Amino acid sequence: MQYTPLGTTDLKVSRLCLGCMTFGEPDRGSHAWTLPEESSREIIRHALDKGINFFDTSNNYSDGSSEEILGRALRDFARREDVVVATKVYNKVGDLPQGLSRPQILRAIDDSLKRLGTDYVDLLQIHRWDYNTPIEETLEALNDVVKAGKARYIGASSMRSDQFAKALALQSEEGWARFVTMQDHYNLIYREEELEMLPLCYKEKVAVIPWSPLARGKLTRPWGDTTARSVSDEVGKSLYQTNNENDALIAERLANVAAEKGASRAQVALAWLLSKPGVAAPVVGPSRQEQLDDLLGAVDLTLKSQEIAELETLYQPHPVAGYK
């Protein structure tokens, strides 16, 4: 495993982050494809054995059971100081309503710490922009969470670049804790972040940790093939259209490059992301150990400039997807 500084922080993270949306009791929440605790623990332990030290979850994944499963596994298999734990706040969970008001943030972090079984998280991220709460209220509350020692750092997830720029400017002006990461929607068939968000992050020294780096699995298999998860994944259906001819051609080129290099499609798609300036650690969500082993091969895979060009040249602009 290779490691990299997480932006300007003192955290060093593995080049792949284990996304924990896959972990959660199937009867809790809206995702019937999540893995129950025993299966989840096997993957978490395997990830630790392979050198992954960066874990990303959210308070709303499987109605909180993702945090519970991750917390118990890390207590059993790792020392707290050896792992980097990230979670999120914004979405509804239990009787906690959606939003980023001060009361919601302060309650959410306490609830997350209880579920995770830890005194602090390394990274607390706002899951989306809250149009119903003044951003000043949100940022001051996040600053107080950091001052209280409940989160070491704060980050953000998908939003407009002008919103992110405004938040960063306010944090600097007020002397509040600053966003150190951006978890955004970015992969070979969705590259709209390259227009404004990624240049902003690079300029502001904000680490990028892309979500859906494999386009919900579409970049790992022949175009149009489905899985049990993809058939029931309504979010995935809203993000990617199977009838997009250019996306299909990019997927075909991905398969060709992978075959030429003796690598898997997933490895090449991740290696492409890892080659981009500012990208610290794509968030991957394997559901089996062998999937994780395959993804790990991306870390040591280097793409030539002509291979990168072959993967990129057919891209055409897409409608914004992943946030409002």
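Trainee: Let's start in the sheet. Which residue in β8 does S157 stand opposite?
Mentor: S157 stands opposite Q183 in β8. Keep in mind that this is a predicted model.

Trainee: Noted. How many bridges hold β7 and β8 together, and in which sense do they pair?
Mentor: Four bridges, in the parallel sense. β7 covers residues 151-157.

Trainee: What does the chain make out of β7, α5 and β8?
Mentor: A right-handed β-α-β unit. Then the chain crosses from β8 through helix α6 to β9. That crossover is right-handed too, and α6 spans residues 197-204.

Trainee: And how many bridges join β8 to β9?
Mentor: Two, and the strands run parallel. β8 itself is residues 179-183.

Trainee: Is β8 mostly covered or open?
Mentor: Mostly covered. Five of its five residues are buried.

Trainee: Switching to packing. Which residues have the most contacts inside the largest nonpolar core?
Mentor: I44, F55, F164, F179 and V268. That core has 89 residues. Helix α10 (residues 265-274) gives the most to it, with seven residues.

Trainee: Which residues does the second core include?
Mentor: V13, C17, V180 and I209 are included. That core is separate and has 14 residues. As background, nonpolar side chains tend to be buried together in soluble globular proteins.

Trainee: Back to α5. Where is S161 placed?
Mentor: In helix α5, which runs over residues 161-174.

Trainee: Buried or exposed?
Mentor: S161 is buried, at a relative accessible area of 14%. The cut-off for buried is under 20%.

Trainee: Which side chain does the side chain of S161 make a polar contact with?
Mentor: That of E196, at 2.5 Å. Leaving aside neighbours within four places in sequence, S161 is in contact with E196, M197 and L200.

Trainee: Now charges. How many salt bridges does the structure hold?
Mentor: The structure holds 19. One of them joins the side chains of E37 and R72, at 2.8 Å, N to O.

Trainee: Why does that pair tie together parts apart in sequence?
Mentor: E37 lies in helix α1 (residues 37-49) and R72 in helix α2 (residues 65-77), so the pair ties together parts that are 35 residues apart in sequence. R72 is partly exposed, with a relative accessible area of 32%.

Trainee: And which residue does R160 meet in a salt bridge?
Mentor: D162, at 2.9 Å, N to O. R160 counts as partly exposed at 34% relative accessibility. D162 is partly exposed as well, at 43%.

Trainee: What about R288?
Mentor: The side chain of R288 meets that of E290 in a salt bridge, at 3.0 Å, N to O. R288 counts as partly exposed at 41%, and E290 is partly exposed at 49%.

Trainee: Which residues are linked in a network of salt bridges?
Mentor: D10, R80, D122 and R152.

Trainee: Last one: F77. Where does it lie, and what does it touch?
Mentor: F77 lies in helix α2. Not counting residues up to four places away in sequence, F77 touches R41, R45 and L48. The C-alpha atoms of F77 and R45 are separated by 6.4 Å, though the two residues are 32 apart along the chain. At 26% relative accessibility, F77 counts as partly exposed.

Technical notes. Residues are numbered from 1 along each chain as its sequence is written. This is a predicted model: local features need pLDDT of at least 70, side-chain atom pairs count only at pLDDT 80 or more; totals for chains, interfaces and linings use all residues. Side-chain values use heavy atoms; hydrogens and water are left out. Buried means under 20% relative accessible area, exposed over 50%, partly exposed in between (1.4 Å probe, protein chains only). A polar contact is a pair of N or O atoms within 3.5 Å; within protein, one must be able to donate a hydrogen and the other to accept it, and residues adjacent in sequence count only if both atoms are side-chain atoms. Contact means heavy atoms within 4.5 Å. Two strands pair if DSSP finds at least two bridges between them. A salt bridge is a side-chain nitrogen of Lys or Arg within 4 Å of a carboxyl oxygen of Asp or Glu. A crossover is right-handed if, with the strands pointing away from the viewer, the path from the first strand over the helix to the second runs clockwise. A nonpolar core is a set of buried Ala, Val, Leu, Ile, Met, Phe, Trp, Tyr and Cys residues joined through side-chain atoms within 4.5 Å.
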